Amino acid sequence: MSTIAVLPVKRFDEAKQRLGEALRGGTRRALAEAMLTDVLTALRRSKRVEEVVVVTSENAADALARAHDARTIRDPVEPGHNPAARAGVQWAIEQGARRVLLVPGDCPALDPAEVDDLLLAHPHSEARVTIVPDRHGTGTNALVLCPPDAISPSFGEGSRRRHEQLARDAGAECRIAEPPSLALDIDTLDDLAVLRTALEARTGGAAHTRGLLARLGRR
């Protein structure tokens with residue numbers, strides 16, 4: 001197997017706490033579910049992703065993954081995003097993956113064609129780390145690792161520089177890629193506004209998130 005996508009997904013009840021002042025718990029949960037559904041749909045439509053694995057302790061995320069022909073790794077302890085990412089990478093290695101794509105479950109605008117282009121520019125015959133920064137340029141929204149254990153994922157604040165340093169320390173070529181749809185992760189109200197504007201400017205994709213945002217707009 002060549003390429004496996006890994007999605008660490010936290011419990012929906014704990015997702016998007018920074019939106020708490022504007023969105024009630026039930027709405028945040030619905031948003032997390034809608035975004036994950038759209039990400040899974042996009043990955044299923046990618047021509048270069050052969051398998052998807054979701055690492056989660058959330059029963060609804062487990063069900064969504066199975067509905068989209070994705071594998072799941074149960075994460076009952078939920079120690080954090082990075083341990084979940086590493087568990088997914090280890091599973092991918094055990095399946096014989098030569099390359100992994102680490103993506104978040106909160107980039108609902110994800111474009112399958114951009115995923116394919118990202119992977120096409122990262123041959124699995126070369127030791128390389130591709131970093132996709134967040135829209136602020138300091139965090140990391142996605143990683144492409146070849147081989148899958150080229151570096152240990154270290155997401156979080158300031159992670160772009162950490163990943164660049166980890167790649168240098170490992171002697172792996174490091175590349176920065178900026179597919180627009182992968183820059184649109186959702187943590188704050190500003191992020192949500194940017195996503196809404198981006199979706200209004202294009203047709204297709206993110207159907208579930210579009211529907212939820214439309215319902216919120218009517219309120």
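In this predicted model, Arg128 touches Ala121, His122, Pro123, Val144, Leu145, Cys146, Ala172, Glu173 and Arg175, leaving aside residues up to four places away in sequence. Arg128 belongs to strand E5, which spans residues 128-133. Its relative accessibility is 9%, so Arg128 counts as buried; the cut-off for burial is under 20%. Two of the contacts involve polar atoms. A polar atom of the Arg128 side chain lies 2.6 Å from the backbone oxygen of Ala121. The Arg128 side chain also makes a polar contact with the side chain of Glu173, at 3.4 Å.

Strand E4 covers residues 99-102. Arg99 and Leu101 point one way from E4, and Val100 and Leu102 point the other way. All four are buried. In a regular strand, side chains alternate between the two faces of the sheet. E4 pairs with strand E1 (residues 3-9) in the parallel sense, over 4 bridges. Here Thr3 stands opposite Arg99. E4 also pairs with strand E6 (residues 140-146), in the antiparallel sense and over 3 bridges. In that pairing, Val100 stands opposite Leu145. Leu145 is also one of the residues touched by Arg128.

Helix H6 comprises 12 residues, 189-200. The distance from its first C-alpha to its last is 17 Å, close to the 16 Å expected at 1.5 Å a residue. The buried residues of H6 are Asp191, Leu192, Leu195 and Leu199. Viewed down the helix axis, they fall within an arc of 100 degrees and therefore line one face of H6. An α-helix has 3.6 residues a turn, so residues three or four places apart point the same way. The face turned away from the buried side of H6 carries the exposed residues Asp190, Thr197 and Glu200.

Conventions
Residues numbered from 1 in each chain as written. Predicted model: local features only at pLDDT ≥ 70, side-chain atom pairs only at ≥ 80, totals over all residues. Heavy atoms only, no water. Helix = DSSP H or I, 4+ residues; strand = E, 2+ residues; numbered from the N terminus. Buried < 20%, exposed > 50% of the residue type's maximum accessible area, 1.4 Å probe, protein only. Polar contact = N/O pair within 3.5 Å; in protein donor to acceptor, adjacent residues only side chain to side chain. Contact = heavy atoms within 4.5 Å. Expected span 1.5 Å × (residues − 1). Arc of directions from axis to C-beta. Pairing = 2+ DSSP bridges.
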